[in-house]
Amino acid sequence: MSIAETKTEKLDGWNRPPTMEPEGEGELLEIAMGPHHPSTHGVFRMDVTLDGERVMRLKPVFGYLHRNHEKIAEGAAYLASMPYTDRLDYFCSLSNNWAYALAVEKLVGQAVPERAQYIRVILAELTRIQNHASSIGFLIQEMGASGTPLMYAFREREKILDLFESLTGSRMMCNYMRFGGCRVDVSAAWLASARKVVAGLPAFVDEFEALLTTNEILMARCQGVGVLKPDLAVNASVTGPLLRASGVNYDIRKVDRYGIYDRFKFRVPLGDHGDVYDRYMVRVLEMRESIRILEQALPEIPAGPIMDPKAKIRGFRPKPGEAYGRIEAPKGELGFYLISDGSPNPYRYRVRPPSLINLTILEDMCLGQNVADVVLIFGSVDIVLGEVDR
Amino acid sequence: MAIEENLKIELGKQGVFVTTLEELYNWGRRSSIWPMQFGLACCAIEMIATTMARYDLARFGAEVFRPSPRQADLMIVSGTVTKKMAPQVVRLYNQMAEPRYVIAMGACAISGGPFKQGYNVLKGIDRYIPVDVHIPGCPPRPEALIQAFMTLQKKIDEQPLTGENRPRFLNQNAQGEFPVPEPADHDLEPPSNPGVWSAPVVIR
């Protein structure tokens with residue numbers, strides 16, 4: 001019996017028959033990877049249909065971490081949602097803060113002082129570096145190198161988290177940005193220690209690359225695996241390193257020039273083949289570009305206020321209207337869409353999570369690959385379940 | 001029965017090591033707690049950070065994270081347990097072999113935390129499975145997780161092997177399998193396990 005006959009009643013969505021024909025006589029095997037699987041980055045299930053080792057169909061199952069973020073935000077005041085945005089993508093709480101602050105600032109037409117803009121850029125780029133480093137570490141760990149690259153990544157991550165902690169009071173859940181500025185000012189001592197950390201980062205990336213980039217096992221496992229064609233990536237509105245690894249030049253820092261990104265010189269690394277190796281390479285190069293931005297931003301941070309004096313803190317009631325603010329988060333385009341009806345709470349609060357939308361092409365990348373490569377491809381998408389399920 | 005401390009020290013000076021079976025047994029158990037590699041949400045990242053270079057959980061004999069519940073002694077419920085995930089968490093706990101322990105890591109695992117008002121969030125994993133150590137925090141720092149480990153080790157040290165207070169795995173009549181909740185129309189069914197959890201009494 002072929003698989004096309006077994007599932008004919010509901011052909012819509014994920015129940016459609018597989019586009020691939022099974023080889024040989026053997027039966028197809030359906031396995032559920034997850035929700036408790038060491039490689040699923042949390043709680044996520046993939047129902048994989050296998051013909052031997054080949055993946056015939058892959059059905060992602062979400063919702064194991066659905067925490068009602070949007071619903072809670074619609075019942076809360078605007079500022080009260082800021083701590084919840086930390087918990088969306090819990091690796092990059094500061095980028096999430098920025099995206100949300102940007103959306104609200106667009107909604108009310110709020111300007112942000114110069115110094116706060118610089119602080120935001122510095123924090124967002126530090127976030128990007130630690131996210132990429134640990135995501136590569138996890139990717140390599142899933143390949144079987146248990147520990148070493150992840151240890152290196154987390155060693156560097158701890159240094160960056162120390163900076164976050166001394167500035168915001170929390171290692172991971174920073175809750176730092178405010179509408180029209182930032183919560184606390186950076187001190188000269190913090191800037192000095194940030195410079196020290198940034199000065200050490202190129203050596204870390206060099207070390208990381210010496211360990212991995214030309215590693216034979218890594219090349220054998222990654223090259224040509226999980227190829228994503230650029231036209232499919234664009235059609236599926238994939239963003240972030242995943243899209244750039246397929247060779248599409250789209251970086252919101254360059255496209256929107258939000259904040260003050262137009263003042264810094266940096267390049268957008270692009271991949272050639274769109275395979276797992278390119279995604280790894282794009283992330284490494286992005287770390288280098290982030291270090292370049294930090295090296296430009298840290299010395300020229302101006303003095304001045306960190307909050308716009310006109311910013312309204314109490315009785316915050318935006319005029320009716322809607323706004324969409326987006327930034328280039330480490331995982332892709334993170335956007336917040338807000339509709340205000342003039343009340344203290346948003347009427348509609350919608351998150352455009354890069355992780356969820358990047359996951360939609362998972363099946364297309366996995367078809368025909370070995371089941372061991374599914375783990376790898378999934379890791380290379382770099383998702384965080386807090387953001388997928390919200 | 002514990003040995004008198006002075007006598008023990010005196011004997012130790014003579015090169016004689018005296019202990020009780022209970023102490024030796026508990027020492028062995030507490031020095032090799034293998035946690036399950038099981039991350040739920042944000043706290044899982046701090047759990048991973050605890051095992052990494054700076055905090056190094058290996059100092060406590062607990063660096064071997066096992067992917068399979070059959071090989072694990074300790075379940076760290078690290079993060080928000082949603083109503084979709086709660087049956088799986090209880091099932092994983094049932095699959096673990098005795099002796100088994102649970103650390104509820106973070107505000108969400110204890111009580112639902114910041115997401116408590118959500119319609120899909122379980123208000124504390126201790127409604128279904130017995131929790132040995134709670135650590136508050138959102139997320140708790142790695143130091144807090146290490147503190148939880150030390151608390152658990154202390155707890156294991158003090159467990160008598162016989163008598164009324166003996167641990168569950170030495171008690172024939174103790175509950176071994178915990179009922180797995182099923183999703184129903186509005187909530188999980190049953191909403192809690194009365195053998196493990198009872199609603200707190202409010203004293204006004």
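This is a predicted model: local features need pLDDT of at least 70, side-chain atom pairs count only at pLDDT 80 or more; totals for chains, interfaces and linings use all residues.
Trainee: Let's start with the strands. How are S6, S7 and S8 of chain A arranged in their sheet?

Mentor: As a general idea, strands of a sheet pair through backbone hydrogen bonds, either parallel or antiparallel. Here the sheet is open, its order is S6-S7-S8 in chain A, and the pairing is antiparallel. Strand S6 (321-329) and strand S8 (346-352) of chain A are the edge strands; each has a single partner, so one side of each has no neighbour in the sheet. On average, neighbouring strands are turned by 10 degrees against each other, direction ignored.

Trainee: How many bridges join S6(A) to S7 of chain A?

Mentor: Nine bridges link S6(A) with strand S7 (residues 332-340) of chain A. To find your place on screen, look for Ala323(A), which stands opposite Leu338(A) in S7(A).

Trainee: And which helix packs on the sheet?

Mentor: That is helix H4 (residues 93-108) of chain A, which touches S6, S7 and S8 of chain A. The direction of H4(A) makes about 150 degrees with that of S6(A).

Trainee: Now the open spaces. What is the volume of the largest pocket, and which residues are closest to its centre?

Mentor: A pocket is an open set of points, whereas from a cavity the probe cannot get out. The largest pocket has a volume of about 840 Å³. Of its 42 lining residues, Pro38(A), Phe138(A), Gln141(A), Gln37(B) and Ile48(B) are the closest to the centre.

Trainee: Which element gives the most to that pocket's lining?

Mentor: H5(A) does, with six residues. Helices H5 (114-143) and H6 (148-168) of chain A and helix H3 (42-51) of chain B each supply at least two lining residues.

Trainee: What lines the second largest cavity?

Mentor: Its space is about 50 Å³, and 13 residues line it, with Phe91(A), Ser93(A), Gln130(A), Phe164(A) and Met172(A) nearest the centre. H4, H5 and H6 of chain A each give two or more residues to this lining; H6(A) has the largest share, three residues.

Note on methods:
Residues are numbered from 1 along each chain as its sequence is written. Chains are lettered from A and ligands numbered from 1 in the order in which they are written. Side-chain values use heavy atoms; hydrogens and water are left out. On a 1 Å grid over the protein atoms alone, a cavity is a set of points where a 1.4 Å probe fits but cannot get out, and a pocket is an open set with protein on both sides within 12 Å along at least five of seven lines; lining residues have an atom within 4 Å of a point. Grid points are joined across faces, edges and corners, and a volume is the space filled by probe spheres set on the points. Helices (H or I, at least four residues) and strands (E, at least two) are DSSP runs, numbered from the N terminus. Two strands pair if DSSP finds at least two bridges between them. Axes are lines fitted to C-alpha atoms, for helices over the stretch in contact, and angles run from 0 to 180 degrees between N-to-C directions. Contact means heavy atoms within 4.5 Å.
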